[in-house]
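Here's a quick look at how this chain is put together. Have the viewer open while you read.

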Amino acid sequence: MKKKKRMRKGRTIVAFLLALFFAVSAPAQEVQAEEYNENTTLTVVVANKTQEYTSFGVRPLTTLFDCEIIMAFRADEGLSMTFTTSCAGAAKVIGVKDIKVQQKMWYGWKTVMTSDGGEVYDRALFAADLVYPDAIKDKTYRVIATHYGDVDGYEEVVNDTGAFQFTY
């Protein structure tokens with residue numbers, strides 16, 4: 001009986017340590033925000049994603065970094081978004097595509113605006129702005145987009161801002 005209790009206690013400790021290890025090693029998303037007043041705009045830097053390659057240590061030469069979606073909620077403009085994509089070296093093509101602006105509904109996410117995005121050629125940096133003028137105060141939105149580039153190999157990174165409430 002004591003042996004069973006000891007084994008159960010040992011399993012509990014091992015399970016706790018594994019859960020702790022996985023919780024600490026989970027990637028975190030960086031979010032920055034500032035309080036809104038009439039002279040400033042609420043700006044949220046939502047995602048800075050880079051793709052990780054683990055299989056066989058193979059890594060394409062196109063290395064995307066600083067793939068960001070910056071959202072600003074403005075009473076006079078609506079939801080303003082800036083998309084940036086950077087890569088190491090001049091890319092044959094670099095840009096963002098498949099942009100979806102989604103609003104939180106009681107049943108899930110509803111796509112309220114889409115955009116094909118844009119691209120530039122022979123550059124290491126891409127930046128573009130997009131505005132969703134019909135954003136409703138106190139509603140929750142998220143933006144999903146795919147950043148891509150091709151230096152010596154095509155690479156894509158999907159970026160999801162997560163949920164943010166439209167307040168001003």
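## Layout

Going along the sequence, the chain reads α-β-β-β-β-β-β-β, so to speak: 1 helix and 7 strands, where helices (H or I, at least four residues) and strands (E, at least two) are DSSP runs numbered from the N terminus. This is a predicted model, where local features need pLDDT of at least 70, side-chain atom pairs count only at pLDDT 80 or more, and totals for chains, interfaces and linings use all residues. Numbering starts from 1 along each chain as its sequence is written, and side-chain values use heavy atoms, with hydrogens and water left out.

Of the 168 residues, 32% are buried, meaning under 20% relative accessible area with a 1.4 Å probe, protein chains only.

## Strand E5 and its partners

E5 is mostly covered, with 10 of its 11 residues buried. Strands pair if DSSP finds at least two bridges between them, and E5 pairs antiparallel with E3 over 9 bridges; there, Lys97 stands opposite Thr146 of E5.

E5 also runs antiparallel to E6 (residues 154-160) over 7 bridges, and the two form a hairpin with 3 residues between them. With E7 (residues 164-165), E5 makes 2 antiparallel bridges, and Tyr141 partners Phe164 in E7.

Technical notes. Buried means under 20% relative accessible area, exposed over 50%, partly exposed in between (1.4 Å probe, protein chains only).
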